[in-house]
Amino acid sequence: MSALLTLRDVWVEYGDKVVLEKVNLGVEAGAFVSIIGPSGAGKSTLLRVILGQEAPTQGSILLDGQPLAPECGPDRGVVFQRYSVFPHLTALENTVFGLECAKAPFLTRLYGSARRAAMGEATAMLQAVGLGDSLHVYPAQLSGGMQQRLAIAQALVKRPRILLLDEPFGALDPGIRADMHALIVKLWRDYALTIIMVTHDLREAFTLGTRVLAIDKRRHDPHAPHRYGATAVYDLPLRDRVAPVAQAEAEIASETTCSS
Amino acid sequence: MRWVNRQIDRKDRLLLGAAPILLLVLVYLVLAAQRHAANPFDKILPLPDGMAKAMAALLFEPDQLSGNFVFWADTLASLERLGLGLGIATLMALLVGLVVGLLPPVRATFGPLITGIAVIPPIALLPILFIALGLGETSKVALIVIGIAPVMIRDIAAHVAALPREQIIKAQTLGASSWQILIRVALPQAMPRLLHAIRLSLGPAWVFLISAEAIAADVGLGYRIFLVRRYLSMDVIIPYVAWIALLAIAMDVALSTLSRKAFPWAHGAGH
């Protein structure tokens, strides 16, 4: 099966500190990949490399077989843990922004029927994430969970090939988090999304993902801990998403405690 | 109850706020009355009726030489210089501050120059301005601009550079170009900060205006104060200073109201 996103021998180094080493990865269209690993292992670095926010020191990243420019673009949407909505725009304006950027390169404003069409599309997207009643509200007036819903709507209205989530529900309380899990799974199915999510919550990783990647260092030099980088140490496909979840969860829990 | 917890309601706040001002006025009146009791022709601490008489001549009677109403001509000339200086500085702060804050190559090119200009005491440049631009309006406006623009530019640039990286990344994933990020993400978020920077620059702007007018001018609030100082005319100086204070307060309140009205999202609507 041809992969939508391919990482070939990706290394990321900051000076003589190796963060990621020899990451080889293929992500198929329609996958929901959870990335887990200890703090500072390089989960977020991996996500930033895929996003294009950082260029890998070595190796190549292919999207649909084409090498990616080391710059963010509309083919990869993103939702961060915080600060990913614009505080000076209402929910609707935040969502329409992506459509305006593509269609009005100079003024970034749409008029007439183009504007009505974009507004309609954005409104539908906001309704899909459950913000249909808060179209004209500024982000500061929305709760944390609603801000994340807005950030998701904002990203999805651009129909990205891949949606990247960087601990998107980390700052939310448990009840809201459960709602958001249901929402993201629904959106993933309805819009046939390909999602890569970084999380530090094992339960979340296993309940949502169709595949779980654990990022950690394979080798450890006690005298120079920074000289070895992290890579994907476990790559667990969860095809049948009902029974093996609990089993795999117990497995990974014991394995991570052994290796640490 | 601890003093840190004592909240003052609106009526008491007005009362408390007025108290020290009234006290100062009272102290002044008592001192002035004492001096006038000793010497009816005292000029150092004029009484209110003396000030009113002196000001009436400037307010309502045309000057014999120029035919102008002196007070209004002074006010107009000063406000024109101040407005021009503030306007040009604000425009520069917005244009330069935005690109310096947002675009790393521009920051690398012009950052050191702006920092360099900002550390020069503007008054030290006044002789250069007088030599280069003459003694007319241009050099006075230029002094105000040189005095406040670098600080405002650096403020706006720092504010734009401190916008969360996530926002800039997010805008790019929504397909925004550098230009679109500049006008749709950075510019609107810099606007409330710009109004704040103008408010903070009002004080220095007045200082540079009065300085320039004191040294070389033939009309203006600062010019008048320094002119009548030669005759110990405290009955003109004190009302002029009060008038300058009133103008400054009015500008500050206007800018603050404008910011709240125009950018409600920046003033903590919600939590």
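Of the 271 residues of chain B, 30% count as buried, a residue being called buried if 20 or more other C-beta atoms lie within 10 Å of its own, exposed if 12 or fewer, and partly exposed in between, with C-beta atoms placed from the backbone. The model is predicted, and local features therefore need pLDDT of at least 70, side-chain atom pairs count only at pLDDT 80 or more, and totals for chains, interfaces and linings use all residues. Residues are numbered from 1 along each chain as its sequence is written, while chains are lettered from A and ligands numbered from 1 in the order in which they are written.

**View 1. Chain B as a whole.** The secondary structure of chain B comes to ten helices and zero strands, where helices (H or I, at least four residues) and strands (E, at least two) are DSSP runs numbered from the N terminus. The C-alpha trace of chain B spans about 80 × 60 × 30 Å along its principal axes. Its radius of gyration is 24 Å, whereas a compact globule of 271 residues would have one near 18 Å; the radius is taken over C-alpha atoms, and the globule rule is 2.2 Å times the number of residues to the power 0.38. An automatic or database domain assignment divides chain B into domain 1 (3-45) and domain 2 (62-266), and the C-alpha centres of these two domains lie 32 Å apart.

**View 2. Helix H1 of chain B.** Helix H1 (residues 10-38) has 29 residues, which should span 42 Å at 1.5 Å a residue, and the 43 Å between its end C-alpha atoms agrees with this; the expected span is 1.5 Å times one less than the number of residues. H1(B) bends by about 30 degrees at B:Ala19, with the proline B:Pro20 following within four residues, the bend being the angle between axes fitted to the seven residues ending at a position and the seven starting there. Because the number of buried residues in H1(B) is zero, the helix lies largely in the open.

**View 3. Helix H4 of chain B.** In H4(B), residues 104-119, the first and last C-alpha atoms are 22 Å apart, close to the 22 Å expected. A bend of about 45 degrees occurs at B:Phe110, and a proline, B:Pro112, follows within four residues.

**View 4. Where chain B meets chain A.** In this view 21 residues of chain B are in contact with 26 residues of chain A, contact meaning that the C-beta atoms of two residues, placed from the backbone, lie within 7 Å. Helix H7 (165-173) and helix H8 (178-215) of chain B each supply at least two residues of the side that touches chain A. That side of chain B has nine nonpolar, nine polar and three charged residues; Ala, Val, Leu, Ile, Met, Phe, Trp, Tyr, Cys and Pro count as nonpolar, Asp, Glu, Lys and Arg as charged, and the others, Gly among them, as polar.

View 5. Chain A holds seven helices and ten strands, and A:Arg161 lies in the loop between helix H4 (144-156) and strand E7 (162-166) of that chain. A:Arg161 is partly exposed because 16 other C-beta atoms lie within 10 Å. Beyond its neighbours within four places in sequence, A:Arg161 is in contact with A:Leu4, A:Leu63, A:Asp75, A:Arg76 and A:Thr194.
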